[in-house]
Amino acid sequence: MPLIDERLRVLREAGNILLEKFGGSYLNCVKQCEKSAQKLLQLVVNNFPSYRDEAIYLGKQVAFYKRAQILVADTWCVLEGKGIGCFHDISTMTMFADYRIPQALVQFGAMRYSEELMKKLKEGEMFQYRDKQEMEIRGCSIWCIELICKHLTQLLEKKGWKNESVNPVLLDHYLWDYAHDHREALKEIPFHRVRCVYY
């Protein structure tokens, strides 16, 4: 397994923080967030360093928080959006910026790579975490999903439906499953390769 020592360090760090600050239970983190996805996200990012997926892009601080957001979204899903998992602001989570979703977005024509970038991807170039192009792929994916959510909401509203069922979390789950299930068909659009613990 790649980065096994780093992954082990992260697991130990999370376990120690849970023991020291939250009585040894992640459930105590969830209870503290008062049914807010954003509060839970901030609690995780503020207390668990390995979830601080942050970088500087063109002189500005950016945060992707892929693992933190997926933790919050998985909590919402496992608890079926009920009880302490009834997050009133779940739609404020973005998609989880990693490998597979950009691949699916390019396949569907919702996003396009430059010839230079596609050449690098097809040659299997390893990107560095926080490199400009790596951040651009992730950032553009997030924005693309936001635009798709907005468009779907407008379509549903025209049909007289409430838009409560459309959010980036559900779109991410759908597209990730699609990309995973259609790996062979997507081979022409390679995903970007990055070795880090933030994906």
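User: What is a salt bridge, and how close are the N and O atoms of lysine 39 and glutamate 34?

Analyst: A salt bridge is a side-chain nitrogen of Lys or Arg within 4 Å of a carboxyl oxygen of Asp or Glu. In this predicted model, the side chains of lysine 39 and glutamate 34 meet in such a bridge, at 2.4 Å from N to O. Lysine 39 is partly exposed because its relative accessibility is 43%, whereas glutamate 34 is exposed at 54%.

User: Which conventions apply to the numbering and to the values?

Analyst: Residues are numbered from 1 along each chain as its sequence is written, and side-chain values use heavy atoms, with hydrogens and water left out. The model is predicted, so local features need pLDDT of at least 70 and side-chain atom pairs count only at pLDDT 80 or more, while totals for chains, interfaces and linings use all residues.

User: What is pLDDT, and what is its mean for the chain?

Analyst: pLDDT is the predictor's confidence in each residue, from 0 to 100. Where it is low, the predicted coordinates should not be read in detail. Here the mean pLDDT of the chain is 94, and 99% of the residues reach 70 or more. Helices (H or I, at least four residues) and strands (E, at least two) are DSSP runs, numbered from the N terminus.

User: How many salt bridges does the structure hold, and which residues of helix α7 form them?

Analyst: The structure holds 11 salt bridges. One of them joins glutamate 136 to lysine 132, with the closest N and O atoms 2.7 Å apart. Both of these residues lie in helix α7, four residues apart, about one turn of the helix. Glutamate 136 is partly exposed at 25% relative accessibility, and lysine 132 is partly exposed at 44%. Another bridge links the side chains of glutamate 134 and arginine 138, at 3.6 Å from N to O; both residues are buried. Elsewhere, Glu6, Arg9 and Glu13 are linked in a network of salt bridges.

User: Is cysteine 33 buried or exposed, and which residues is it in contact with?

Analyst: Contact means heavy atoms within 4.5 Å. Cysteine 33 is buried, with a relative accessible area of 1%, and its place is in the loop between α2 (26-32) and α3. Leaving aside neighbours within four places in sequence, cysteine 33 is in contact with Lys39, Leu40 and Phe87.

User: Where is asparagine 167, and which residues is it in contact with?

Analyst: Asparagine 167 lies in the loop between α7 (132-158) and α8 (168-181). This residue counts as buried because its relative accessibility is 3%. With neighbours within four places in sequence left aside, asparagine 167 is in contact with Trp76, Ile90, Ser91 and Cys149.

Conventions. Buried means under 20% relative accessible area, exposed over 50%, partly exposed in between (1.4 Å probe, protein chains only).
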